[in-house]
Amino acid sequence: MNKIKFSHNYPKLWGQKSAELVQILTLTLPNDMNESLYDYDTTYYEGSFKHHYKLEKGEYLQLLFFGDKRIPFTTIRPRYKGKVDKLFYYMKLMHGQFEIVIAGV
């Protein structure tokens, strides 16, 4: 099974363990990013302290998943890794199942 890794246990995941990739959107930061989307997608907590994963300016992919509890969530990932366009990588994995992996858990 493919894996989708997260650096923190984000509230948007709702404790789901696996998910199906159902859509891919492209976006450019900061043009396509509003405060609500940023807050939703990047918020995590350490104890009672709220933090945000920092996203730099650039081109990104917004991946939409349906989790094993049928709760949808998105994750925003860099479009390019070096010169490799990750859009084509994720397109090949559309409707595939992903194990949700949280760092340190």
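Which residue takes a positive phi in the hairpin of β5 and β6? The second point below returns to this.

1. Overall make-up. The model is a predicted one, and everything that follows should be read with that in mind. The protein chain has 2 helices and 9 strands, and from the N terminus on its elements follow the order β-β-α-β-β-β-β-β-β-α-β. The C-alpha trace spans about 40 × 30 × 25 Å along its principal axes. A compact globule with 105 residues would have a radius of gyration near 13 Å, and the 14 Å of the protein chain therefore agrees with that expectation.

2. The hairpin. It is Arg 70 that takes the positive phi, near 65°, in the hairpin of β5 and β6, where 4 residues lie between the strands. These two strands run antiparallel and are joined by 7 bridges, β6 covering residues 72-78. Within this pairing, Phe 66 stands opposite Pro 72 in β6.

3. The sheet. An open sheet with mixed pairing is formed by 5 strands, in the order β1-β9-β2-β5-β6. Because β1 (2-6) and β6 stand at the edges and have a single partner strand each, one side of each is left without a neighbour in the sheet. From one strand to the next, the twist averages 40°.

4. Pairings of β2. Strand β2 (residues 18-29) pairs with β5 (residues 58-67) in the antiparallel sense over 10 bridges, and here Ile 24 has Leu 63 in β5 as its bridge partner. Strand β2 is also joined to β9 (residues 97-102), again antiparallel, by 3 bridges, with Glu 99 in β9 as the bridge partner of Ser 18.

5. Helix on the sheet. Helix α1 (residues 35-42) lies across β5 and β6, and its direction makes an angle of about 95° with β6.

6. In soluble globular proteins, nonpolar side chains tend to be buried together. In this model the largest nonpolar core has 18 residues, and those with the most contacts inside it are Ile 4, Leu 63, Phe 65 and Ile 100. The elements giving two or more residues to this core are β1, β2, β5, α2 (86-92) and β9. A second, separate core of 7 residues includes Leu 27, Met 33, Leu 37 and Ile 76.

7. Leu 63. Besides its bridge to Ile 24, Leu 63 has several contacts beyond its neighbours within four places in sequence, among them Ile 4, Leu 21, Phe 73 and Tyr 90.

8. Ala 19. Not counting residues up to four places away in sequence, Ala 19 touches Phe 65, Phe 66, Gly 67, Phe 73, Gly 96, Gln 97, Phe 98 and Ile 100. Its C-alpha atom is separated by 9.5 Å from that of Leu 64, which is 45 residues apart from Ala 19 along the chain.

9. Whole-chain totals. Buried residues account for 40% of the 105 residues in the protein chain. The accessible surface comes to about 6,800 Å², of which 54% belongs to carbon and sulfur atoms. Among contacts between residues at least 6 apart in sequence, 73% join residues at least 24 apart.

Methods: Residues numbered from 1 in each chain as written. Predicted model: local features only at pLDDT ≥ 70, side-chain atom pairs only at ≥ 80, totals over all residues. Heavy atoms only, no water. Pairing = 2+ DSSP bridges. Axes fitted to C-alpha atoms, helices over the stretch in contact; angles between N-to-C directions. Contact = heavy atoms within 4.5 Å. Rg over C-alpha atoms; globule rule 2.2 N^0.38 Å. Buried < 20%, exposed > 50% of the residue type's maximum accessible area, 1.4 Å probe, protein only. Areas by Shrake-Rupley, 256 points an atom, 1.4 Å probe, with all protein chains shown as cover. Core = buried A, V, L, I, M, F, W, Y, C linked by side-chain atoms within 4.5 Å.
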